[in-house]
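Please read the points below with the coordinates open.

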Amino acid sequence: MSELIKGNLLAKKIKEELKIKTIELKKQGITPKLAVILVGNDPASQIYVNHKEKDAKEIGFLTENQHLDETITQEELLSFVQKYNEDSSVHGILVQLPMPSHINSDEILLAIDPKKDVDGFHPMNMGRLLLGNPQMIPSTPHGIMKMFEEYDIELEGKNAVIIGRSNIVGKPMSVLLTAKNATVTLAHSKTKDLAKLASTADILIVAIGVAQMVDETYIKPGAVVIDVGMNRNAAGKLVGDVSFEKVEPIASFITPVPGGVGPMTRAMLMEQTYLAAKNSIKG
Ligand code: NDP
């Protein structure tokens with residue numbers, strides 16, 4: 001039996017705290033504002049954007065949603081980013097990924113003012129994170145670090161295995177864990193004997209996008225298991241990359257899906273928007 005890491009409850013607490021801090025910031029004449037750019041009609045992206053807008057409004061932020069046709073050109077899209085860069089009432093700019101294939105998303109992310117890059121995907125923010133001086137941290141790994149803190153999960157000296165090396169989850173996660181003195185292995189689709197490697201982990205973070213792939217053969221008894229995956233199974237139910245039923249009896253801590261990492265990702269995005277607004281006072 002493992003202890004459930006309740007990301008939804010922690011996220012709620014963080015958002016309540018942000019609500020109060022936002023009231024204080026408003027007294028100083030600043031209302032945090034998040035601009036969201038969505039291109040095309042991908043249903044999942046639309047749901048994510050709606051959730052982010054709802055969170056922002058609940059906390060007391062202003063939002064601006066730019067829903068653009070998928071035929072938009074690179075130049076037109078860049079001009080929207082530029083507009084928000086120059087608008088001092090906008091503190092956070094979020095470009096919902098993935099972009100349509102004719103758009104060069106790297107160039108779009110590079111165009112965002114790093115101070116307004118609340119997703120933390122700009123190369124400047126990634127570089128700062130790598131160098132140990134982060135300004136904006138990608139929300140998913142950031143949220144996972146908050147969960148470790150909340151549940152007093154010791155990282156120093158622990159073996160951490162991360163499965164999945166994406167720029168938005170696995171790579172920044174490896175940097176954050178290394179900074180906390182964990183010994184990190186970053187695994188991926190070409191890793192040999194993955195289950196054997198994973199079962200050496202005190203901390204196992206799974207971000208692959210394959211429904212319920214990780215079962216009990218990947219788990220060292222007593223490991224902390226963080227499931228980032230969000231997949232639909234054959235019945236249309238939201239499931240993680242970890243088989244919860246098989247892993248939960250042997251782990252020490254585990255995140256559920258839904259209600260684990262997902263809500264924390266959203267909460268961290270809100271926290272970064274708040275911080276971007278607060279930092280804008282300093283200029
Ligand atoms: P990507 O597709 O960008 O990356 C997937 C990674 O997993 C790659 O590094 C890939 O390896 C690796 N991988 C794929 N299949 C296997 C396999 N069979 N064995 C080992 N490694 C494998 O995904 P993301 O990082 O964007 O997302 C991962 C999952 O997390 C998805 O389900 C996504 O929906 C979810 N997600 C959830 C979030 C949340 O807030 N809860 C936020 C972001 C993502 P290689 O590099 O070799 O191709």
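Where is the place of Asp152? Point 2 gives the location.

1. Basis. This is a predicted model, in which local features need pLDDT of at least 70, side-chain atom pairs count only at pLDDT 80 or more, and totals for chains, interfaces and linings use all residues. Residues are numbered from 1 along each chain as its sequence is written, and side-chain values use heavy atoms, with hydrogens and water left out.

2. Positive phi. Asp152 lies in the loop between H6 and strand E5 (159-163); helices (H or I, at least four residues) and strands (E, at least two) are DSSP runs, numbered from the N terminus. Asp152 is not a glycine, yet its phi is positive, at about 55°. Most residues other than glycine have a negative phi, and most peptide bonds are trans.

3. Cis peptide bonds. Leu97 and Pro98 are joined by a cis peptide bond with omega about 0°, and Pro98 sits in the loop between E4 and helix H4 (105-111). The bond from Val257 to Pro258 is also cis, with omega near 0°; Pro258 is in the loop between strand E11 (253-254) and H10.

4. Domains. The chain is assigned domain 1 (30-114) and domain 2 (139-261), with bounds from an automatic or database domain assignment. Taken over C-alpha atoms, the domain centres are 29 Å apart.

5. Largest pocket. Its space is about 1,200 Å³. A pocket here is an open set of points on a 1 Å grid over the protein atoms alone, where a 1.4 Å probe fits, with protein on both sides within 12 Å along at least five of seven lines; lining residues have an atom within 4 Å of a point. The volume is the space filled by probe spheres set on the points, which are joined across faces, edges and corners. Of the 43 lining residues, Tyr48, Thr140, Ile168, Met230 and Thr265 are the closest to the pocket centre.

6. Lining. Domain 1 and domain 2 each give at least three residues to the lining of the largest pocket. At least two residues come from each of H2 (43-59), E4 (92-95), H6 (139-150), E9 (231-232) and H10 (261-282). By class, the lining has 23 nonpolar, 13 polar and seven charged residues. Ala, Val, Leu, Ile, Met, Phe, Trp, Tyr, Cys and Pro count as nonpolar, Asp, Glu, Lys and Arg as charged, and the others, Gly among them, as polar.

7. H6 and H10. Their axes come within 8 Å and cross at roughly 105°; axes are lines fitted to C-alpha atoms, for helices over the stretch in contact, and angles run from 0 to 180 degrees between N-to-C directions. H6 and H10 are therefore roughly perpendicular (65 to 115 degrees). Contacting residues (heavy atoms within 4.5 Å) include Thr140 and His142 in H6 and Thr265 and Met268 in H10. The contact of H6 with H10 has six nonpolar, six polar and two charged residues.

Note on methods: Angles under 35 degrees count as roughly parallel, over 145 as roughly antiparallel, 65 to 115 as roughly perpendicular and the rest as oblique.
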